[in-house]
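This report walks through selected strands and helices of one protein. It starts with a helix pair and then turns to the sheets.

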Amino acid sequence: LGPEGASLRGGQACRQLVPSARGPGLAAPSLSLPYAWPAGTGSPEMMATRLAHCGRGASRASVAPSPSPPHRSLPLREARRGRPVKPYARGRAVILSALVSEGRLAFEALPKERQPVTVLGVGAAGVDFLARVATFPSPDDKIRTTDLEIQGGGNCGNALTAAARMGVRAEIVTKVADDSNGDSILSGLQADAIDTSNCLVSKEGSSPFTYIIVDQDSNTRTCIHTPGPQLMEKEVPHLFSHLKGIDLLYCDGRHTLAAIALAREARKRNVPVLVEGERPREHLDELLHMADYVVMSTRFPYTWTEHNEFGEALSEALRRLPNARTIVSTLGPKGSVCLERVGPETRSEGDCHQSLQEALASVMGGGSGRPDREGRAVSAPCMTAWGNDEQARVRVWFCPADRLDPQLIKDTTGAGDAFIGAFLYGLTTGVPLERLLPLASYIAGQCCTALGPRTGLPTRMDSATTRGNH
C-alpha cells in the first residue's frame, strides 16, 4: 500500500484496493490480511502488503474478508516477520508478506499477568507542566499554547511507570514536600500501582516541578526544572533489609549520595544495579562504578569521557566501567547502541580482532550487518583495546528506532525514560537483548505519540487487547 492506503485497516484495505470479481469457474476465497493494522500506526512501508495474482487468464483478484480472526487462519509469526505465507485456500490473490516492527512483536508477546519480579527505583519524581506551542518563542514574545498537559514526571517516576504498565512490580524511593504538588506526585504513581510507602515527605521546601515547552515545529522540548528537597544518605539505611526482596535496583542519578548507599548495599546482597547516565553530576562516577547495567543519553558519552568521536567515547566508557555487563547509549531518532561484555578483561598481547569503531560501522549500516527493514537488532563481536594490553571482549549491538509516521510524533519528553522502563522489564524477566532492544525502542516510540512522558505509555493489557482484536 502507498501512503494513501496507510490508514486502512485489514480487510478494508484489501476490499478497496482489490475489488471483488470472479473469473470463470473460480470461487472467491475467504482471505484476509494477516494483521489488522491500527489506523495511522507505523509508516506506510511497514504496512506494505504485496498481492500476487495466481491462476490463468485472471485479470483481477478476488478478496473477501475472513469472518474469523486472522491469527486463527494464517501463520502470523511468519507473516509479521516478512516471510512468505502459504495460502490456506485456493484463490487468485495470495498474500506474500507483511512487515511489522520487532518491537511491536515483542510487546504483543507480553503476558497480561503481572510478573513476579520487583524493581526498586531511587531518584526523581515530580510534576510536569507541558505547554505545546506552534514554534518556540523569541525574547519578549507573547504566544498561545496549542495544548496543555499537567502530569507526573521525573526520570525515575517515568521509567517505573513504563515498567509497571508492562507488568513489573515497582517501588520508588524519593522525597517530596508537603504540598499539593507532592500529593499529586504520589497519587499519580499510586494510580499505576507503584509502591510509594518508602517515599519521604519534607515539611519544608516545595516539591520538584518542571516547565516544559514543546516546539511543534521542530519536535523539540525545552525544560525549566525547579528541584525539590534532597534525599539524604542518612535517610535510607532502614531500606537495606528491604533489598532482599528486590530483583533490580534502578538509580536515575538524582539523590546521588542516597543512591550510592543503596547501590553499595545492593551489591553486597547480589542485587543487580542499573544506573542512568543522563548528564554528569556530582558523585555520579562513584555510582556508575557500582552499576551492572548503564543506560546513557545521547550526549552523555561525549560529555563524560571528553571524546568527540562516538566509538572512542564508548570505548572509554567501557574502560571506566569494569563492573558493567551492559552499556547502552540511546541515539534519539537513530536508535540505540549496546555494548555487551562477553568475557573478562585480560592483559594479553593477542591481536585485536576488530576495533570498536569497525564493529559500530558494521552494525549501524556500514557492512554486512546492516539492519533490515523490520527494526531488528543486529550485532557483531569485537575485541577492544586501550593501548596498555588491557582488553575486553564485547558484542556490539545496534537497534534502529521504531519508525513512526512523523505526523504521529507529538512530544519526545520522557522517551529515554520509557526506553529505560522497558529495559527494567526485560532485565528482570529474562528477555534477551535481541528482543529487548527493539522492545525498548517500541515503548520509547509510543511515548512520543502523546503530550507528556506518561500519556502515550502502553500497558500490558493493550497487548492483550491487540492480540484479541487480531
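Helix α4 (residues 155-166) and helix α11 (residues 415-429) have axes that come within 7 Å and cross at roughly 50°. The crossing of α4 past α11 is right-handed. The model is a predicted one.

On the α4 side, the contact uses Asn155, Asn158, Ala159, Leu160, Ala162, Ala163 and Met166. On the α11 side, Asp417, Ala418, Ile420, Gly421, Ala422, Leu424 and Tyr425 take part. By class, the contact holds ten nonpolar, three polar and one charged residues.

**The open sheet**

Four strands make an open sheet in the order β5-β4-β9-β10, and the pairing is mixed. Strands β5 and β10 (220-226) are at the edges. Each has a single partner strand, so one side of each has no neighbour in the sheet. On average, neighbouring strands of this sheet are turned by 20° against each other, direction ignored.

Strand β9 (residues 209-215) and β10 are antiparallel and pair over seven bridges. Within that pair, Ile213 has Thr222 of β10 as its bridge partner. Helix α5 (residues 180-191) packs on the sheet and touches β4 (126-133) and β9. The direction of α5 makes about 90° with that of β4.

Asp147 belongs to strand β5 (residues 147-153). Leaving aside residues up to four places away in sequence, Asp147 touches Leu130, Ala131, Arg132 and Leu451. The C-alpha atoms of Asp147 and Ala134 are 9.6 Å apart, with the two residues 13 residues apart along the chain.

**Strands β12 to β15**

Next come pairings that link β12 to β13, β13 to β14, and β14 to β15. The table lists them, together with one bridge from each.

| Strand pair | Sense | Bridges | Example of bridge partners |
|---|---|---|---|
| β12 and β13 | parallel | four | Val275 and Val294 |
| β13 and β14 | parallel | four | Tyr293 and Thr326 |
| β14 and β15 | antiparallel | five | Val328 and Cys338 |

Strand β12 spans residues 273-277. Strand β13 spans residues 293-296. Which way do the residues of β13 point? Tyr293 and Val295 point one way, and Val294 and Met296 point the other way. All of them are buried.

Strand β14 covers residues 326-330, and strand β15 covers residues 335-341. The two form a hairpin with four residues between them. Gly332 sits in the turn and has a positive phi of about 65°. How many of the seven residues of β15 are buried? Six are, and the strand is mostly covered.

Methods: Residues are numbered from 1 along each chain as its sequence is written. This is a predicted model: local features need pLDDT of at least 70, side-chain atom pairs count only at pLDDT 80 or more; totals for chains, interfaces and linings use all residues. Side-chain values use heavy atoms; hydrogens and water are left out. Buried means under 20% relative accessible area, exposed over 50%, partly exposed in between (1.4 Å probe, protein chains only). Two strands pair if DSSP finds at least two bridges between them. Axes are lines fitted to C-alpha atoms, for helices over the stretch in contact, and angles run from 0 to 180 degrees between N-to-C directions. A crossing is left-handed if the near helix is turned anticlockwise from the far one by less than a right angle, and right-handed if clockwise. Contact means heavy atoms within 4.5 Å. Ala, Val, Leu, Ile, Met, Phe, Trp, Tyr, Cys and Pro count as nonpolar, Asp, Glu, Lys and Arg as charged, and the others, Gly among them, as polar.
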